[in-house]
Amino acid sequence: MIEIKDFAFQYREGTRPVVSGINLTIPDGAFVGITGAAGSGKSTLTYALNGIVPHCYPGDFYGSVVVDGLDTCETALTDLSRVVGSVCQDVDSQFVTSVVEDEVLYGLENFAVPRDQMEGRVAQALADMGIPDLRDRVISSLSGGQKQKVAIASILAMRPKVLVLDEPTAELDPASSRSVFELLAAYAREHGTTVVVVEQKIALLSQYADLLVIVDEGRIRFADAPADVLEHADELKRIGVNCPRSTTLMNRLRASGAYAGPAVRTVQEACEALVEVVA
């Protein structure tokens with residue numbers, strides 16, 4: 001679904017490339033988590049997927065980024081947006097209407113989706129995000145978590161093949177963050193949509209993602225299954241990525257010879273592993 005080859009990008013006002021030497025293949029239907037320290041270039045990497053660079057932020061673009069056969073550098077944003085749906089970190093800046101139903105309808109109307117399909121798409125998108133009861137609500141009256149789900153639903157209604165989200169849980173509490181990830185993972189499984197999430201909460205990414213990508217100083221340091229990436233907890237910490245405490249604990253026990261199993265991703269996995277350690 002996504003093929004990135006030798007990608008590098010330098011913003012017009014910049015003095016050096018923000019990302020460089022990026023090579024990454026993402027299969028159809030994968031749930032991908034991208035993280036890294038602040039300023040590592042992870043957001044710029046996703047901007048290349050939806051065409052924000054170079055179409056909105058001009059600069060020097062090297063290599064190629066191809067999504068579903070479309071070169072994002074050469075394809076018009078209008079055409080690319082039919083394949084790649086994006087949800088930005090500040091969802092309030094993304095809303096264009098005041099009522100939930102109108103917000104979900106907005107993209108469908110712009111893309112001239114036949115009227116007889118609109119009702120089904122709106123209802124399905126709201127159901128996929130678990131918010132059918134919010135359909136008639138005023139957006140300004142919603143909580144942060146509810147707004148995030150509305151923003152995602154408005155994109156899902158257009159049925160993109162790829163969904164790109166930039167820190168979708170940055171302003172959410174732990175319960176709301178987990179709810180958003182569970183809904184995204186379920187949607188990806190049920191519809192075969194490729195989901196790419198930029199997120200600082202590595203514990204959530206490692207629990208739900210199929211592929212975990214670590215970006216460091218504009219380059220990909222790791223791109224592998226979450227458990228394999230978490231094996232490198234000490235190195236991740238040195239580059240500004242803090243692993244879950246449960247992962248760090250079990251990695252230290254492995255280093256001491258007390259534990260021989262794989263890296264753990266959750267507290268539950270750590271508890272199960274510890275039972276074996278102390279048995």
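**Figure 1. The buried residues of helix α7 in the predicted model.** In this predicted model, the buried residues of α7 are Ser177, Val180, Phe181, Leu183, Leu184, Ala185, Ala186, Tyr187 and Ala188. The helix itself runs over residues 174-191, and its 18 residues reach 26 Å from the first C-alpha to the last, close to the 26 Å expected at 1.5 Å a residue. An α-helix has 3.6 residues a turn, so residues three or four places apart point the same way.

Figure 2. Pro54 has its place in helix α2, which covers residues 52-55.

**Figure 3. Asp6, a residue with positive phi in a strand.** Asp6 lies in strand β1, which covers residues 2-11, and has a phi near 50 degrees, a positive value in a residue other than glycine. Because the relative accessibility of Asp6 is 52%, and exposed residues are those over 50%, this side of the description is settled as exposed.

**Figure 4. Glu167, a residue with positive phi in a loop.** Glu167 is found in the loop between β7 and α7, and its phi, near 45 degrees, is likewise positive in a residue other than glycine. With a relative accessibility of 13%, Glu167 counts as buried, because the cut-off for buried residues is under 20%.

**Figure 5. The whole chain, as the setting for the close-up views.** The secondary structure of the chain comes to 12 helices and 10 strands, and the C-alpha trace spans about 65 × 45 × 30 Å along its principal axes. A compact globule of 279 residues would have a radius of gyration near 19 Å, and the 20 Å of the chain agrees with this. Of the 279 residues, 49% count as buried, while the chain exposes about 13,000 Å², of which carbon and sulfur atoms supply 49%. Among contacts with a separation of 6 or more, residues 24 or more positions apart account for 63%. The chain carries 24 positive and 38 negative charges, whose mean positions are 3 Å apart.

Terms used:
Residues are numbered from 1 along each chain as its sequence is written. This is a predicted model: local features need pLDDT of at least 70, side-chain atom pairs count only at pLDDT 80 or more; totals for chains, interfaces and linings use all residues. Side-chain values use heavy atoms; hydrogens and water are left out. Helices (H or I, at least four residues) and strands (E, at least two) are DSSP runs, numbered from the N terminus. The radius of gyration is taken over C-alpha atoms; the globule rule is 2.2 Å times the number of residues to the power 0.38. Buried means under 20% relative accessible area, exposed over 50%, partly exposed in between (1.4 Å probe, protein chains only). Contact means heavy atoms within 4.5 Å. Accessible areas come from the Shrake-Rupley method with a 1.4 Å probe; for residues, only the protein chains shown count as cover. Lys and Arg count as positive and Asp and Glu as negative; His and the chain ends are not counted. The place of a charge is taken as NZ of Lys, CZ of Arg, CG of Asp or CD of Glu. The expected span of a helix is 1.5 Å times one less than its number of residues.
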